[in-house]
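The following note is meant for a colleague who is opening this entry for the first time. Please read the numbered points with the sequence and the model side by side.

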Amino acid sequence: MTAGLVFVILVALAFDFFNGFHDAANSIATVVSTRVLSPRLAVGWAAFWNFAALILGTNVAATIAKDVVKPEVFTIGVVFAGLMGAILWDVITWYFGLPTSSSHALVGGMAGAAVAKAGWDSLLGVGFRKILVFIVLSPIIGLLLAFTIMTGVFWLFHRYRRVDRLNRGFRRVQLLSAAAFSLGHGTNDAQKTMGVILALLIAAGRLPPDAGVPWWVKISALTAIALGTAFGGWRIVHTMGARITKLQPVGGMSAEAAAAATLFFTAHAGIPVSTTHTITGAIVGVGTTQRLSAVRWGVAGRVVWAWILTIPGAFAIAWITELIVRGLS
Amino acid sequence: MRIGRRALFFFACAVVCFLLLPANFPEFRWVNLAAGGLALFWGILLAIEDLAGRGPGERSAGLD
């Protein structure tokens, strides 16, 4: 492999690490805010289940590598610029404590770099259509499933008076739901990096155009995201877990189970969605079972603005970076 | 007695799901229909609850 190729693969893995740092906090926000696990244990639990996504498929990676930007447009410089757009956008939003989507930053970054290189024709409608529709649908699905699970629990246990014992039971179940969500996060988000590295290897002629994801790419991407999770992003834990709505174990369990189900479906269907969008929708769904005012709409609205700005923001940064890279080379 | 904000919120979710139906790929349109249908179901139940004059606090078992 050339030094340039190795360097950009390392940058992709660094993005994956930041993705874990930035997004994987979502996996632990509810278990931390409900005090089911200490932050340290929660981080280890989430990192382990992130890595366990190794056993799941790679449909999302194929979408990122082949359905968003025309594969022939990818070069080392384009992928580097796209990654820089996504990483810089993530760093900016992390600094301001906004739980934005690393996934959409990556899509925006890749699109910006490709457009700077080869114009608007370099984008493929197939992948973008899926991504844009599910930007809106994934939080709504999370919200509806969480509301349904939470209401179902209320119906099942509304006559049960030993609330302390019930809450203890839900704390245990929440360990499983947190694991399921981390597994969903690992399979969805690490696959985006796998997709970028796959596109890079195909562009560099190291793999045939119809190749699948090599095993070493899977392991390195999952290791990077798990390490990112292990280092955590405490600002975002605070925003997600406590500032959108106040959660109890039953609420945390409902939100995570709903978000995990949504992520498993979208990963299986090869649709890249944001884990952040999905868990935020689910947390709002839990809050809505009490009353709409239980949701702090000011914070939720700030998050929505960050969502809207993510693709254009990363696009612009990547577009400028690609021009600079081309100018320098 | 009038319909509360929660019911309207779920009706709005249903509208968004159905509006996105033509934009989605045919193989995934069932997702819009299922999500929209579920939102509509909850919207209707909450509207009935509002019209019947029952408060939202009654269903809580102290878990929230």
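1. The expected span of a helix is 1.5 Å times one less than its number of residues, and helices (H or I, at least four residues) and strands (E, at least two) are DSSP runs, numbered from the N terminus. Helix 11 (residues 249-268) of chain A can be read in this way: its 20 residues reach 28 Å from the first C-alpha to the last, close to the 28 Å expected at 1.5 Å a residue.

2. This is a predicted model, in which local features need pLDDT of at least 70 and side-chain atom pairs count only at pLDDT 80 or more, while totals for chains, interfaces and linings use all residues. Residues are numbered from 1 along each chain as its sequence is written, and chains are lettered from A and ligands numbered from 1 in the order in which they are written.

3. Chain A holds 13 helices and 0 strands. Its radius of gyration (taken over C-alpha atoms) is 19 Å, close to the 20 Å that the globule rule gives for 329 residues, so chain A is as compact as a globular protein of that length; the rule itself is 2.2 Å times the number of residues to the power 0.38. Taken along the principal axes, the C-alpha atoms of chain A fill a box of roughly 70 × 35 × 30 Å.

4. A residue is called buried if 20 or more other C-beta atoms, placed from the backbone, lie within 10 Å of its own, exposed if 12 or fewer do, and partly exposed in between. By that count, buried residues make up 61% of the 329 residues in chain A, and 30% of the 64 residues in chain B.

5. Helix 11 of chain A is mostly covered, with 17 of its 20 residues buried, and Gly270(A), which follows this helix, has a positive phi near 75°. In helix 9 of chain A, the buried residues include Val217(A), Leu222(A) and Ile225(A).

6. Thr30(A), which is found in helix 2 (residues 25-33) of chain A, has 31 C-beta neighbours inside 10 Å and therefore counts as buried. Thr30(A) and Met253(A) are 223 residues apart in sequence, yet their C-alpha atoms are 8.1 Å apart in space.

7. How do helix 7 (residues 125-157) and helix 12 (residues 275-288) of chain A cross, and at roughly what angle? Their axes, which are lines fitted to C-alpha atoms over the stretch in contact, come within 7 Å and cross at roughly 35°, where angles run from 0 to 180 degrees between N-to-C directions. The residues of this contact divide into 13 nonpolar, 8 polar and no charged; Ala, Val, Leu, Ile, Met, Phe, Trp, Tyr, Cys and Pro count as nonpolar, Asp, Glu, Lys and Arg as charged, and the others, Gly among them, as polar.

8. Two residues are in contact if their C-beta atoms, placed from the backbone, lie within 7 Å, and on this basis 23 residues of chain B are in contact with 26 residues of chain A. Chain B has 2 helices and 0 strands, and helix 1 of chain B gives the most to the side that touches chain A, with 6 residues. By class, that side of chain B has 16 nonpolar, 3 polar and 4 charged residues.
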